Amino acid sequence: MGRVKNYFPGGNTSKGFHSFYEYLPYECDRIFVIKGGPGTGKSTFMKRMGEDLIERGYGVEMHWCSSDKDSLDGLAIPDLKVAFLDGTSPHMIDPQYPGAIDEIINLGRYWDRKKLENKKDKIVALSKGVWNAFNKAYAYLDEAKLIHDRWEEYYLEAMDFQMANMKTDYLIKDIISLIRVPYRRGVFRREDFADEMGKERHLFASAFTPQGVINYFDELTEDLRFRYIIKGRPGTGKSTLMKKVAQAVREKGLDVQYFHCSFDPDSLDMIIVDDLGVAILDGTSPHIIDPSREGDIVVDMVECLDIDTIESHKEEIKEVEGYYKQVISKALSYIQEAKSLHDELEEFYVEAMDFDEVEERRRSIVDKLLG
(Lines give C-alpha, C1' and ligand atoms only; values in the text may rest on other atoms or scores of the structure.)
Protein backbone atom coordinates (compact mmCIF):
# COMPACT_ATOMS: atom_id res chain seq x y z
CA MET A 1 0.00 0.00 0.00
CA GLY A 2 1.21 3.50 -0.81
CA ARG A 3 1.64 6.24 1.77
CA VAL A 4 -0.82 9.16 2.04
CA LYS A 5 0.14 12.73 2.95
CA ASN A 6 -2.59 15.25 3.73
CA TYR A 7 -2.47 18.99 3.07
CA PHE A 8 -4.66 22.03 2.54
CA PRO A 9 -3.73 24.02 -0.60
CA GLY A 10 -6.02 26.93 0.30
CA GLY A 11 -7.58 28.47 3.37
CA ASN A 12 -10.31 30.69 4.80
CA THR A 13 -8.10 33.35 6.35
CA SER A 14 -8.18 36.89 7.72
CA LYS A 15 -7.18 37.97 4.19
CA GLY A 16 -10.11 36.14 2.62
CA PHE A 17 -9.66 32.93 0.67
CA HIS A 18 -5.90 32.46 0.30
CA SER A 19 -4.50 29.98 -2.18
CA PHE A 20 -1.20 28.19 -2.69
CA TYR A 21 -2.56 26.11 -5.57
CA GLU A 22 0.49 26.82 -7.71
CA TYR A 23 2.48 24.62 -5.27
CA LEU A 24 0.02 21.70 -5.36
CA PRO A 25 1.35 20.03 -8.56
CA TYR A 26 4.90 20.28 -7.21
CA GLU A 27 7.41 19.06 -9.84
CA CYS A 28 4.63 17.30 -11.77
CA ASP A 29 4.98 16.88 -15.54
CA ARG A 30 1.30 16.27 -16.23
CA ILE A 31 -1.68 18.14 -14.79
CA PHE A 32 -5.37 17.31 -15.13
CA VAL A 33 -7.71 20.26 -14.44
CA ILE A 34 -11.20 19.08 -13.47
CA LYS A 35 -14.12 21.36 -14.36
CA GLY A 36 -17.71 21.04 -13.24
CA GLY A 37 -20.29 22.45 -10.84
CA PRO A 38 -20.79 21.54 -7.16
CA GLY A 39 -21.89 17.95 -6.74
CA THR A 40 -20.61 16.82 -10.15
CA GLY A 41 -18.21 14.36 -8.55
CA LYS A 42 -14.86 16.18 -8.77
CA SER A 43 -13.82 15.21 -5.24
CA THR A 44 -15.10 11.63 -5.58
CA PHE A 45 -13.25 11.35 -8.91
CA MET A 46 -9.97 12.29 -7.20
CA LYS A 47 -10.63 10.15 -4.10
CA ARG A 48 -11.23 7.02 -6.17
CA MET A 49 -8.23 7.84 -8.32
CA GLY A 50 -6.14 8.09 -5.15
CA GLU A 51 -7.53 4.86 -3.70
CA ASP A 52 -6.75 3.00 -6.92
CA LEU A 53 -3.16 4.19 -6.95
CA ILE A 54 -2.60 3.62 -3.20
CA GLU A 55 -3.69 -0.01 -3.64
CA ARG A 56 -1.12 -0.33 -6.42
CA GLY A 57 1.63 0.91 -4.09
CA TYR A 58 1.89 4.56 -5.14
CA GLY A 59 2.28 7.30 -2.56
CA VAL A 60 -0.24 10.11 -2.97
CA GLU A 61 -0.82 13.62 -1.67
CA MET A 62 -4.40 14.40 -0.72
CA HIS A 63 -5.09 18.15 -0.83
CA TRP A 64 -8.29 18.84 1.11
CA CYS A 65 -10.83 21.64 0.81
CA SER A 66 -10.77 24.18 3.66
CA SER A 67 -14.53 24.71 3.22
CA ASP A 68 -15.27 20.99 3.61
CA LYS A 69 -12.67 18.77 5.26
CA ASP A 70 -14.12 15.67 3.58
CA SER A 71 -13.83 17.06 0.06
CA LEU A 72 -10.70 17.05 -2.12
CA ASP A 73 -9.38 20.09 -3.98
CA GLY A 74 -6.45 18.24 -5.48
CA LEU A 75 -4.50 15.02 -5.76
CA ALA A 76 -0.80 14.60 -6.55
CA ILE A 77 1.07 11.38 -7.33
CA PRO A 78 4.78 12.28 -7.00
CA ASP A 79 6.09 8.96 -8.37
CA LEU A 80 4.09 9.43 -11.58
CA LYS A 81 4.66 13.21 -11.59
CA VAL A 82 0.92 13.64 -12.13
CA ALA A 83 -1.56 15.96 -10.41
CA PHE A 84 -5.33 16.48 -10.52
CA LEU A 85 -6.76 19.89 -9.61
CA ASP A 86 -10.26 21.20 -9.00
CA GLY A 87 -10.33 24.03 -11.54
CA THR A 88 -13.56 25.70 -10.39
CA SER A 89 -14.31 28.67 -8.13
CA PRO A 90 -12.81 29.91 -5.81
CA HIS A 91 -9.59 28.51 -7.27
CA MET A 92 -10.12 29.22 -10.95
CA ILE A 93 -7.41 27.31 -12.80
CA ASP A 94 -6.99 27.01 -16.55
CA PRO A 95 -4.40 24.95 -18.42
CA GLN A 96 -1.18 26.80 -19.19
CA TYR A 97 -0.02 24.30 -21.81
CA PRO A 98 -3.17 22.54 -23.07
CA GLY A 99 -2.47 19.14 -24.55
CA ALA A 100 1.28 19.29 -23.93
CA ILE A 101 1.26 19.24 -20.13
CA ASP A 102 -2.28 20.09 -19.03
CA GLU A 103 -5.54 18.39 -19.85
CA ILE A 104 -9.10 19.43 -18.97
CA ILE A 105 -11.55 16.89 -17.59
CA ASN A 106 -14.97 18.50 -18.09
CA LEU A 107 -17.54 16.73 -15.92
CA GLY A 108 -20.17 19.09 -17.31
CA ARG A 109 -20.31 16.72 -20.28
CA TYR A 110 -22.09 14.19 -18.09
CA TRP A 111 -25.02 16.23 -16.74
CA ASP A 112 -28.59 16.63 -17.97
CA ARG A 113 -28.77 20.34 -18.78
CA LYS A 114 -32.59 20.42 -18.81
CA LYS A 115 -32.74 19.27 -15.19
CA LEU A 116 -30.42 22.11 -14.18
CA GLU A 117 -32.29 24.70 -16.26
CA ASN A 118 -35.52 23.75 -14.48
CA LYS A 119 -33.87 24.59 -11.14
CA LYS A 120 -32.13 27.74 -12.41
CA ASP A 121 -33.64 30.21 -9.92
CA LYS A 122 -32.86 28.05 -6.90
CA ILE A 123 -29.32 27.37 -8.13
CA VAL A 124 -28.68 31.11 -8.57
CA ALA A 125 -30.16 31.96 -5.16
CA LEU A 126 -28.17 29.29 -3.34
CA SER A 127 -24.94 30.25 -5.13
CA LYS A 128 -25.39 33.87 -4.04
CA GLY A 129 -26.17 32.70 -0.51
CA VAL A 130 -22.91 30.71 -0.34
CA TRP A 131 -20.83 33.73 -1.36
CA ASN A 132 -22.67 36.07 0.98
CA ALA A 133 -21.98 33.70 3.88
CA PHE A 134 -18.28 33.51 2.97
CA ASN A 135 -18.02 37.29 2.66
CA LYS A 136 -19.46 37.67 6.16
CA ALA A 137 -17.06 35.03 7.48
CA TYR A 138 -14.10 36.85 5.93
CA ALA A 139 -15.27 40.16 7.39
CA TYR A 140 -15.28 38.63 10.88
CA LEU A 141 -11.89 37.00 10.31
CA ASP A 142 -10.53 40.40 9.24
CA GLU A 143 -11.94 41.92 12.44
CA ALA A 144 -10.38 39.08 14.44
CA LYS A 145 -6.99 39.91 12.91
CA LEU A 146 -7.23 43.50 14.18
CA ILE A 147 -8.06 42.17 17.65
CA HIS A 148 -5.18 39.69 17.43
CA ASP A 149 -2.83 42.55 16.54
CA ARG A 150 -3.89 44.35 19.73
CA TRP A 151 -3.35 41.12 21.67
CA GLU A 152 0.17 40.83 20.24
CA GLU A 153 1.06 44.39 21.28
CA TYR A 154 0.97 43.49 24.98
CA TYR A 155 3.52 40.73 24.44
CA LEU A 156 5.64 42.81 22.06
CA GLU A 157 5.97 45.40 24.83
CA ALA A 158 7.31 42.68 27.14
CA MET A 159 9.67 40.99 24.63
CA ASP A 160 13.43 40.76 25.05
CA PHE A 161 14.29 40.66 21.34
CA GLN A 162 17.98 40.14 22.02
CA MET A 163 17.16 36.89 23.80
CA ALA A 164 14.80 35.90 20.97
CA ASN A 165 17.61 36.49 18.45
CA MET A 166 19.96 34.38 20.55
CA LYS A 167 17.45 31.51 20.61
CA THR A 168 17.04 31.78 16.85
CA ASP A 169 20.79 31.84 16.26
CA TYR A 170 21.30 28.80 18.50
CA LEU A 171 18.55 26.90 16.69
CA ILE A 172 20.02 27.73 13.27
CA LYS A 173 23.44 26.48 14.35
CA ASP A 174 21.92 23.32 15.81
CA ILE A 175 20.12 22.51 12.55
CA ILE A 176 22.99 23.56 10.30
CA SER A 177 25.21 21.14 12.23
CA LEU A 178 23.12 18.33 10.69
CA ILE A 179 23.91 19.49 7.16
CA ARG A 180 26.76 18.29 4.99
CA VAL A 181 26.73 20.37 1.81
CA PRO A 182 28.79 19.21 -1.20
CA TYR A 183 31.52 21.76 -1.82
CA ARG A 184 34.19 21.60 -4.51
CA ARG A 185 35.21 18.13 -5.67
CA GLY A 186 33.61 16.07 -2.96
CA VAL A 187 34.85 18.07 0.03
CA PHE A 188 32.10 18.77 2.56
CA ARG A 189 32.04 22.02 4.53
CA ARG A 190 28.98 23.03 6.56
CA GLU A 191 29.90 26.70 6.84
CA ASP A 192 29.77 27.43 3.09
CA PHE A 193 26.82 28.55 1.02
CA ALA A 194 25.54 26.20 -1.68
CA ASP A 195 25.78 27.07 -5.37
CA GLU A 196 21.98 27.44 -5.54
CA MET A 197 19.25 28.25 -3.04
CA GLY A 198 17.12 25.31 -1.97
CA LYS A 199 13.60 25.11 -3.40
CA GLU A 200 10.53 26.26 -1.51
CA ARG A 201 7.01 24.90 -1.39
CA HIS A 202 4.12 26.70 0.31
CA LEU A 203 0.94 25.04 1.62
CA PHE A 204 -1.29 24.88 4.69
CA ALA A 205 -1.18 22.06 7.25
CA SER A 206 -4.29 23.38 9.00
CA ALA A 207 -7.54 25.13 8.09
CA PHE A 208 -10.64 26.85 9.47
CA THR A 209 -13.30 24.40 8.25
CA PRO A 210 -17.05 24.06 8.95
CA GLN A 211 -16.03 21.24 11.31
CA GLY A 212 -13.65 23.55 13.24
CA VAL A 213 -9.88 23.95 13.05
CA ILE A 214 -8.30 20.84 11.48
CA ASN A 215 -4.57 20.18 11.29
CA TYR A 216 -2.23 17.49 9.94
CA PHE A 217 0.90 18.40 11.92
CA ASP A 218 1.33 15.01 13.60
CA GLU A 219 0.80 13.07 10.36
CA LEU A 220 3.22 15.20 8.34
CA THR A 221 5.95 14.94 10.98
CA GLU A 222 5.53 11.32 12.11
CA ASP A 223 8.56 10.04 10.18
CA LEU A 224 10.92 12.90 10.99
CA ARG A 225 13.87 12.53 13.37
CA PHE A 226 13.54 15.87 15.13
CA ARG A 227 10.62 18.16 15.90
CA TYR A 228 11.44 21.56 17.38
CA ILE A 229 8.20 22.59 19.08
CA ILE A 230 7.98 26.35 19.56
CA LYS A 231 5.99 27.50 22.59
CA GLY A 232 4.99 31.11 23.06
CA ARG A 233 2.27 33.73 22.91
CA PRO A 234 1.03 36.04 20.15
CA GLY A 235 3.88 38.33 19.15
CA THR A 236 6.70 36.28 20.71
CA GLY A 237 8.42 35.67 17.36
CA LYS A 238 7.53 32.05 16.60
CA SER A 239 6.89 32.69 12.91
CA THR A 240 9.88 35.02 12.56
CA LEU A 241 12.13 32.33 14.03
CA MET A 242 10.88 29.77 11.49
CA LYS A 243 11.37 32.17 8.57
CA LYS A 244 14.99 32.84 9.61
CA VAL A 245 15.77 29.14 10.01
CA ALA A 246 14.16 28.36 6.63
CA GLN A 247 16.23 31.04 4.93
CA ALA A 248 19.46 29.74 6.51
CA VAL A 249 18.68 26.17 5.45
CA ARG A 250 17.79 27.16 1.88
CA GLU A 251 21.08 29.05 1.64
CA LYS A 252 22.75 25.68 2.24
CA GLY A 253 20.95 24.32 -0.82
CA LEU A 254 18.27 22.29 0.95
CA ASP A 255 14.57 22.39 0.07
CA VAL A 256 12.07 23.71 2.60
CA GLN A 257 8.33 23.19 2.90
CA TYR A 258 6.56 26.22 4.37
CA PHE A 259 3.22 25.66 6.09
CA HIS A 260 1.38 28.91 6.60
CA CYS A 261 -0.95 29.93 9.41
CA SER A 262 -4.58 29.20 8.58
CA PHE A 263 -5.61 32.47 10.25
CA ASP A 264 -2.83 34.79 9.01
CA PRO A 265 -1.16 33.44 5.85
CA ASP A 266 1.73 35.88 6.27
CA SER A 267 2.77 33.90 9.35
CA LEU A 268 4.12 30.36 9.52
CA ASP A 269 2.83 27.44 11.56
CA MET A 270 5.53 24.97 10.53
CA ILE A 271 8.50 24.32 8.27
CA ILE A 272 9.79 20.90 7.22
CA VAL A 273 13.25 20.02 5.86
CA ASP A 274 12.81 16.47 4.58
CA ASP A 275 16.50 16.00 3.74
CA LEU A 276 17.38 16.49 7.41
CA GLY A 277 14.30 14.84 8.90
CA VAL A 278 13.54 18.08 10.74
CA ALA A 279 10.37 20.06 11.46
CA ILE A 280 9.92 23.30 13.37
CA LEU A 281 6.33 23.87 14.40
CA ASP A 282 4.18 26.19 16.44
CA GLY A 283 2.91 24.12 19.35
CA THR A 284 0.47 26.66 20.80
CA SER A 285 -3.27 27.26 20.46
CA PRO A 286 -5.33 26.52 18.43
CA HIS A 287 -3.21 23.46 17.60
CA ILE A 288 -1.53 22.56 20.90
CA ILE A 289 1.35 20.14 20.41
CA ASP A 290 3.44 18.90 23.32
CA PRO A 291 6.57 16.70 23.30
CA SER A 292 5.44 13.11 22.92
CA ARG A 293 8.36 11.15 21.46
CA GLU A 294 12.11 10.92 21.21
CA GLY A 295 13.49 13.75 19.11
CA ASP A 296 10.94 16.32 20.30
CA ILE A 297 12.67 19.49 21.52
CA VAL A 298 10.85 22.47 23.04
CA VAL A 299 11.95 26.01 22.23
CA ASP A 300 10.22 28.23 24.79
CA MET A 301 9.77 31.82 23.59
CA VAL A 302 7.91 32.67 26.81
CA GLU A 303 11.37 32.88 28.38
CA CYS A 304 11.88 36.03 26.31
CA LEU A 305 9.02 37.83 28.08
CA ASP A 306 9.23 40.17 31.02
CA ILE A 307 6.66 38.60 33.33
CA ASP A 308 6.08 41.80 35.33
CA THR A 309 5.06 43.66 32.18
CA ILE A 310 2.66 40.87 31.23
CA GLU A 311 1.24 40.80 34.74
CA SER A 312 0.53 44.53 34.58
CA HIS A 313 -1.65 43.96 31.49
CA LYS A 314 -3.25 40.75 32.70
CA GLU A 315 -6.86 41.97 32.68
CA GLU A 316 -6.57 43.69 29.28
CA ILE A 317 -5.03 40.55 27.77
CA LYS A 318 -7.83 38.41 29.15
CA GLU A 319 -10.46 40.78 27.77
CA VAL A 320 -8.89 40.94 24.29
CA GLU A 321 -8.43 37.17 24.15
CA GLY A 322 -12.11 36.64 25.02
CA TYR A 323 -13.21 39.14 22.36
CA TYR A 324 -10.99 37.43 19.79
CA LYS A 325 -12.56 34.04 20.49
CA GLN A 326 -16.08 35.47 20.16
CA VAL A 327 -15.35 36.98 16.75
CA ILE A 328 -13.63 33.78 15.54
CA SER A 329 -16.70 31.82 16.63
CA LYS A 330 -18.92 34.17 14.61
CA ALA A 331 -16.71 33.71 11.53
CA LEU A 332 -16.90 29.94 11.94
CA SER A 333 -20.71 30.06 12.10
CA TYR A 334 -20.82 31.72 8.66
CA ILE A 335 -18.38 29.16 7.22
CA GLN A 336 -20.77 26.50 8.51
CA GLU A 337 -23.72 28.34 6.92
CA ALA A 338 -21.88 28.45 3.60
CA LYS A 339 -21.29 24.68 3.83
CA SER A 340 -24.98 24.04 4.53
CA LEU A 341 -26.08 26.10 1.52
CA HIS A 342 -23.42 24.46 -0.65
CA ASP A 343 -24.75 21.02 0.32
CA GLU A 344 -28.24 22.09 -0.85
CA LEU A 345 -26.78 23.38 -4.11
CA GLU A 346 -24.95 20.12 -4.73
CA GLU A 347 -28.19 18.13 -4.63
CA PHE A 348 -29.43 19.73 -7.85
CA TYR A 349 -26.27 18.68 -9.68
CA VAL A 350 -26.21 15.20 -8.15
CA GLU A 351 -29.71 14.57 -9.57
CA ALA A 352 -28.60 15.73 -13.02
CA MET A 353 -25.35 13.73 -13.28
CA ASP A 354 -24.58 10.45 -15.02
CA PHE A 355 -21.98 9.14 -12.59
CA ASP A 356 -21.49 5.88 -14.49
CA GLU A 357 -20.02 7.91 -17.35
CA VAL A 358 -17.83 9.82 -14.91
CA GLU A 359 -16.51 6.58 -13.44
CA GLU A 360 -15.81 5.20 -16.91
CA ARG A 361 -13.78 8.32 -17.72
CA ARG A 362 -11.84 7.95 -14.46
CA ARG A 363 -10.93 4.32 -15.18
CA SER A 364 -9.76 5.20 -18.68
CA ILE A 365 -7.41 7.82 -17.22
CA VAL A 366 -5.99 5.33 -14.69
CA ASP A 367 -5.35 2.87 -17.50
CA LYS A 368 -3.67 5.57 -19.56
CA LEU A 369 -1.46 6.72 -16.66
CA LEU A 370 -0.30 3.22 -15.81
CA GLY A 371 -0.16 1.97 -19.37
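This report describes the packing, the aromatic contacts and some local backbone features of a single predicted model.

The model is predicted, so that local features are reported only at a pLDDT of at least 70 and side-chain atom pairs only at pLDDT 80 or more, while totals for chains, interfaces and linings use all residues. Residues are numbered from 1 along each chain as its sequence is written, and side-chain values use heavy atoms, with hydrogens and water left out.

## Confidence

The predictor's confidence in each residue is given as pLDDT, on a scale from 0 to 100. The protein averages a pLDDT of 92, and 93% of the residues score at least 70. Residues 183-188 have a pLDDT below 50, and beyond near neighbours in sequence this stretch has eight contacts in the model, a contact being heavy atoms within 4.5 Å.

In soluble globular proteins, nonpolar side chains tend to be buried together. A nonpolar core is taken here as a set of buried Ala, Val, Leu, Ile, Met, Phe, Trp, Tyr and Cys residues joined through side-chain atoms within 4.5 Å; buried means under 20% relative accessible area, exposed over 50%, and partly exposed in between, with a 1.4 Å probe and protein chains only. The largest nonpolar core has 61 residues, and those with the most contacts inside it are Leu171, Ile175, Leu241, Val245, Phe263, Ile271 and Ile280. Among the elements that give two or more residues to this core are helices H3 (120-158), H4 (161-176), H6 (238-251) and H8 (314-352), together with strands S14 (226-231) and S15 (256-260). Helices (H or I, at least four residues) and strands (E, at least two) are DSSP runs, numbered from the N terminus. Apart from this core lies another, of 42 residues, including Phe8, Ala207, Ile229 and Met270.

Leu241 touches Thr168, Leu171, Ile230, Ile280, Val299 and Met301, when residues up to four places away in sequence are not counted. Leu241 is one of the buried residues of H6, which also include Lys238, Met242, Val245, Val249 and Arg250. The expected span of a helix is 1.5 Å times one less than its number of residues; for the 14 residues of H6 this should come to 20 Å, and the end C-alpha atoms are 20 Å apart, which agrees. Just after H6, Gly253 takes a positive phi of about 95°.

## Aromatic contacts

A pair of aromatic rings is described by the distance of the centres and the angle of the planes. Rings of Phe, Tyr and Trp (its six-membered ring) pair if their centres lie within 6.5 Å, and planes under 30 degrees apart count as stacked, over 60 as edge-to-face and the rest as tilted.

| Pair | Centre to centre | Between the planes |
|---|---|---|
| Tyr7 and Phe259 | 6.0 Å | 0° |
| Phe134 and Tyr138 | 5.9 Å | 20° |

The pair of Tyr7, in strand S1 (residues 4-7), and Phe259, in strand S15, links distant parts of the chain, 252 residues apart. Tyr7 is buried, with a relative accessible area of 2%, and Phe259 is buried at 1% relative accessibility. The charged end of Arg201 sits over the ring of Tyr7, 5.6 Å from its centre, where the rule asks for NZ of Lys or CZ of Arg within 6 Å of the ring centre and within 35 degrees of the ring normal.

Phe134 and Tyr138 both lie in helix H3, four residues apart, about one turn of the helix. An α-helix has 3.6 residues a turn, so residues three or four places apart point the same way. Phe134 counts as buried at 9% relative accessibility, and Tyr138 counts as buried at 14%. Trp151, Phe208, Phe263 and Tyr324 form one aromatic cluster.

## Loops and backbone

Glu27 has a positive phi of about 60° although it is not a glycine; Glu27 lies in the loop between strand S3 (16-19) and strand S4 (30-35) and is partly exposed, with a relative accessible area of 44%. Lys81, which is not a glycine either, has a positive phi of about 55°, in the loop between strand S6 (68-77) and strand S7 (82-86), and counts as partly exposed at 41% relative accessibility. A cis peptide bond, with omega about 10°, joins Ser285 and Pro286, and Pro286 is placed in the loop between S17 and strand S18 (296-300).

Cys304, in the loop between S18 and helix H7 (307-312), counts as buried at 1% relative accessibility.
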